[in-house]
Each structure stands twice: as C-alpha cells, then as structure tokens.
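Subject: Structure handover

Hi,

Here is the structure for you to look at. My notes on it follow below.

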Amino acid sequence: MTMNEAVSESRDEQSPDGGWMDELTPRQVVAELDKYIIGQKNAKKAVAIALRNRWRRQRVPDELRDEILPNNLILIGPTGVGKTEIARRLARLAGAPFVKVEASKFTEVGYVGRDVESMIRDLVDTAVNLVRAEREEDVEELAEAAAEERLLDLLIPPLKPEKPVRERVQTPVPDAGASAPTGDPQTGGQPLGSVFVAGSAGVQVKGAGAGTDGAAGPAEPSDPGTPSLEDRRKRTREKLRTLLADGKLDDRIVELEVQQTPNLDGMMIPMGGEGMDHNFTEMLQEMLPKRTKRRSLKVSEARRILIQEELDRLVDMDEVVSEALDRTEETGIVFLDEIDKVAGERGAAGPDVSREGVQRDLLPVVEGSNVQTKYGFVRTDHILFIAAGAFHVSKPSDLIPELQGRFPIRVELRSLDEADFIRILTEPQNALVHQYRALVEADGAKIEFSEDGVQEIARIAFELNERMENIGARRLQTVMTTLLEQVLFELPDGAAEVGVVVVDRAFVLEQLAAIVEDEDLRKYIL
C-alpha cells in the first residue's frame with residue numbers, strides 16, 4: 001500500500017479527535033513531502049515535527065493542553081527553493097485549513113492595505129468550505145438520488161388524484177293518486193332520484209330503482225389483463241430513469257424554478273473595508289426577499305442545480321460552522337509569505353514606519369487573540385504560523401523583538417544546484433517532464449526526454465541563475481517554455497508529421513544556444 005492510499009484510508013476511518021494522525025509519523029510526513037519537493041531536509045523535518053506536536057497536544061491532559069503553544073517557524077531562503085510548496089503540501093496532507101497571505105498586503109494599513117485580521121477571516125472561510133465539502137461528500141449519493149426523482153417528476157409529472165363527481169337529480173313531488181314514473185327522458189331513462197357518480201371506471205348510477213339497462217348505467221368493466229394508467233406510468237418512469245442514467249436525455253429541455261440571489265457586486269465598499277468584521281454584502285443578501293424565476297434548462301444543467309439544492313437541504317450548516325471554528329483554532333495553518341518585506345531598521349523614518357506598524361499589528365494575532373468573524377469569535381492561540389522570506393536586503397533580526405520571539409524556530413533553506421535541478425525535472429510526481437509529456441500527448445504526438453537532454457536543461461538553468469538573479473526552480477519553467485515554444489506552436493497543425501519529438505542535448509543546444517550566449521536576449525527572455 002502506498003503512502004497516499006494509507007493516508008486516504010486512514011482519513012476515511014478517522015475519529016472525531018483526528019485519530020487518522022496516529023499513523024502519520026514525522027518520518028512518513030517527510031517521505032510524503034519528498035514526492036513533490038527535492039532536498040530541503042531540515043525544513044521538512046521541522047514542519048513534520050510541528051505537525052506531529054499538534055497531534056501530541058490533543059493527547060495531553062486538559063489542564064496542560066492550553067499551555068502548549070505551537071512552534072511557529074520562519075523559513076529563510078531565496079525564492080524558488082520550495083518554501084511555499086512545503087507549507088501547502090503539509091496542509092493538504094494534514095487535511096487542515098490553510099491560507100497563504102502576502103505580508104506586503106498589510107504595509108499600508110489605514111490607506112490601501114488590508115487589516116491583518118483578515119487573514120484569520122480568510123482561514124475561517126477556508127475551514128467552512130473544507131468541512132462543507134466533506135459533509136457534501138457524505139450525502140452526495142442521497143442528494144443525487146433525490147435530484148434524479150425530481151428530474152423524473154419534471155419529465156413525467158405525477159398523476160393528480162381523481163376525485164369522483166357526484167351529481168344529484170332532484171325528484172319532483174308527484175300528484176296525489178298519480179302512478180310513480182318509471183323514468184325521465186332528461187336522465188336517459190333512469191329512475192328519478194338516481195345518483196350519478198363519475199369516476200375512472202365510467203359513469204355509474206346509484207340510488208333506488210337504478211336499472212341495469214339504462215344508457216347511463218355502469219361502464220363495462222375493463223379487461224383484467226389491461227394495465228392501469230398508474231402501471232403504465234411507472235414503467236415509463238423506469239425507462240426514463242435508465243435513459244437518464246445513460247446520459248441520453250441530457251439535451252432535453254425542462255422547466256425549473258430557480259432561486260435568484262440579489263446581485264450586490266456593484267455596491268460601494270469604503271477603502272480598506274474588504275476586511276470588515278461582518279460580511280455586509282452577505283448580510284444584505286439574507287435580508288432581501290428571495291425571488292424565483294422559471295427557466296428552461298437542459299437536463300444536464302437542471303441536474304447540477306437540483307443536486308446542489310438537495311445538498312444545501314441535507315447539510316446542516318450550523319454543525320459545519322461549529323466544526324470549522326474548532327478546526328481553525330486547533331489545526332489551522334497560516335503561511336505568511338514575504339515576511340522580509342515588512343522588516344526594516346527600527347526607528348527609521350519613511351516607509352519603515354509603516355513596516356514596523358504592520359509588525360505590531362501582526363503581533364497580537366500571532367501571539368494569541370480573539371478575532372471576530374462573520375461566524376463568531378476565533379482564538380488564534382493555537383493556530384500555526386509559518387513565515388517565509390528571502391531576506392536579501394533585511395535579516396530576521398530586523399524584525400521587532402516581540403515578533404521574533406513568536407517565531408522561535410528558524411530554518412534556512414539552501415540554494416538549488418545543478419544536481420537538484422536534474423532531480424526536480426524527473427523525480428517528483430508533478431515533474432515538468434511529466435507535465436510537458438502530457439501536454440504534447442493531448443495533441444496526438446509524443447515527446448521523449450533523453451538523459452543528456454535533461455542534464456543540459458539543468459545545466460543551462462543553473463548557469464542562468466548564477467549569471468542573473470537566482471530565482472531557483474522557477475528558472476526551469478522559463479527554460480522549458482522557451483525550449484519547447486516552437487514545438488508547441490506547430491503541433492496542432494502537424495501532429496501526424498511530427499510523430500515523436502526527442503529532446504536530447506543537441507536539440508537543447510540548437511534551441512537555446514543563441515539566447516544563452518546573447519547577453520541582451522538572456523536578460524529579457526530567460
């Protein structure tokens with residue numbers, strides 16, 4: 001069993017307290033991160049320990065649990081070495097709410113920047129969506145079955161219950177001594193005082209003296225072997241169900257009442273108001289009356305709308321919000337990228353004043369406070385904060401001392417060399433070589449990367465990083481795009497003639513030699 005299968009299986013069997021983490025040891029976390037990130041063993045080890053400590057804290061006695069604070073980290077290293085990818089893969093592996101924010105968004109608080117507490121609100125929104133998706137997955141089969149029944153009702157409406165029509169004919173009072181009439185021409189020769197009952201079996205005559213030979217007598221009984229209208233309808237419904245499951249009715253048009261939500265996207269929001277405590281737009285949408293509109297839709301589109309309506313009905317949002325708030329407080333992860341952009345010399349004037357102000361605003365959120373969201377208050381005491389920055393101009397010691405103390409673990413990520421580039425191109429599950437092979441196969445052609453071709457691509461990328469700005473593994477994306485530009489351009493028109501494209505050392509040198517040697521072209525293209 002692979003690591004992914006083990007994690008998936010354990011998640012399916014997880015207990016409310018996160019028991020699936022029992023099998024996810026730090027060594028296994030590092031092994032899983034190795035599938036997507038090359039090198040950086042120290043950083044992987046640090047985040048794996050931090051993740052495991054969160055599970056360990058849940059097993060600590062209650063009186064000590066609140067005293068154990070998360071080990072916030074600062075990842076220091078040049079761009080493109082895997083800082084963001086480590087945090088993203090860690091959150092996905094743990095199934096925890098995760099949000100990535102740029103610290104530079106907060107550098108102009110009060111002018112055009114965002115309130116620092118907005119990252120916690122974003123984290124709560126992510127948690128709500130995460131829990132809701134899990135709940136919807138649990139009831140998806142029920143929702144699809146209910147939506148199918150509603151679709152069948154649209155395609156073949158149910159029969160309305162038939163109510164018998166009762167009609168009475170008043171009996172005139174006969175004259176004294178006259179003989180009782182035996183019939184009335186207005187009632188088809190039936191005796192006066194008869195009651196006519198109209199139903200599915202025809203028109204029947206009931207009452208005293210009702211004859212059997214009258215024109216309005218009971219209808220002849222139907223053949224017992226003839227199916228009733230309800231039976232025929234049921235058989236038709238099952239045939240339609242089969243056609244619906246096979247997708248043969250997807251293009252048929254049905255009429256459906258769709259609820260319309262008022263569009264408030266054009267509302268004027270005050271500057272900096274996107275981080276308001278309450279989402280004013282959603283509050284207005286809840287206050288305004290809901291309108292329905294009858295629309296003609298294809299069955300495929302109507303099915304999607306009906307499934308979503310059934311999911312909304314089956315999922316209890318109160319439970320979703322309650323669990324989402326718990327997950328945010330206990331397992332939430334906030335990735336603060338570009339933290340070095342808010343670091344500057346203390347006591348300086350100019351932009352550094354704003355940077356230090358951002359640090360002071362970040363401090364209470366990182367050290368623990370109550371943040372108001374539209375779902376309620378959230379405590380940030382046990383949210384894991386992972387900060388990252390290149391620190392080319394500044395250094396971690398330029399942060400205010402209080403903020404430095406809230407990030408006790410510092411991990412330095414090393415720059416990538418040529419050998420790392422070769423592994424990045426071939427080893428990860430989402431390696432660039434695999435991505436471009438799939439892209440070319442989509443046009444009906446094939447592409448093969450020889451060993452010397454991959455080595456030459458890695459050598460050129462490493463050399464460009466040495467000569468120009470070091471952008472890490474992102475340089476490989478630039479080199480690969482330029483290398484295969486002509487191939488990807490010509491493929492749609494001549495895929496049959498191209499056949500198999502072989503990317504070897506000669507091919508790489510032919511495509512990139514002129515650009516690599518020309519200083520001006522290298523600056524603007526690579």
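Strand β11 (residues 384-389) is mostly covered, with 6 of its 6 residues buried. Buried means under 20% relative accessible area, exposed over 50%, and partly exposed in between (1.4 Å probe, protein chains only). Helices (H or I, at least four residues) and strands (E, at least two) are DSSP runs, numbered from the N terminus.

This is a predicted model: local features need pLDDT of at least 70, side-chain atom pairs count only at pLDDT 80 or more, and totals for chains, interfaces and linings use all residues. Residues are numbered from 1 along each chain as its sequence is written, and side-chain values use heavy atoms, leaving out hydrogens and water.

Back to β11. In a regular strand the side chains alternate between the two faces of the sheet. Here both faces are covered: L384, I386 and A388 are buried on one side, F385, A387 and G389 on the other.

β11 has two parallel partners to check. Strand β1 (residues 73-76) pairs with β11 over 4 bridges in the parallel sense, and I76 stands opposite G389. Strand β8 (residues 333-337) also pairs with β11 in the parallel sense, over 4 bridges. There, F335 stands opposite I386. Two strands pair if DSSP finds at least two bridges between them.

Next, a helix pair. Helix α3 (residues 41-58) packs on helix α5 (residues 83-94) at an angle of about 35 degrees, with the axes 11 Å apart. Axes are lines fitted to C-alpha atoms, for helices over the stretch in contact, and angles run from 0 to 180 degrees between N-to-C directions. A43, K44, V47 and L51 in α3 meet I86, L90 and A94 in α5 (contact means heavy atoms within 4.5 Å).

Best wishes
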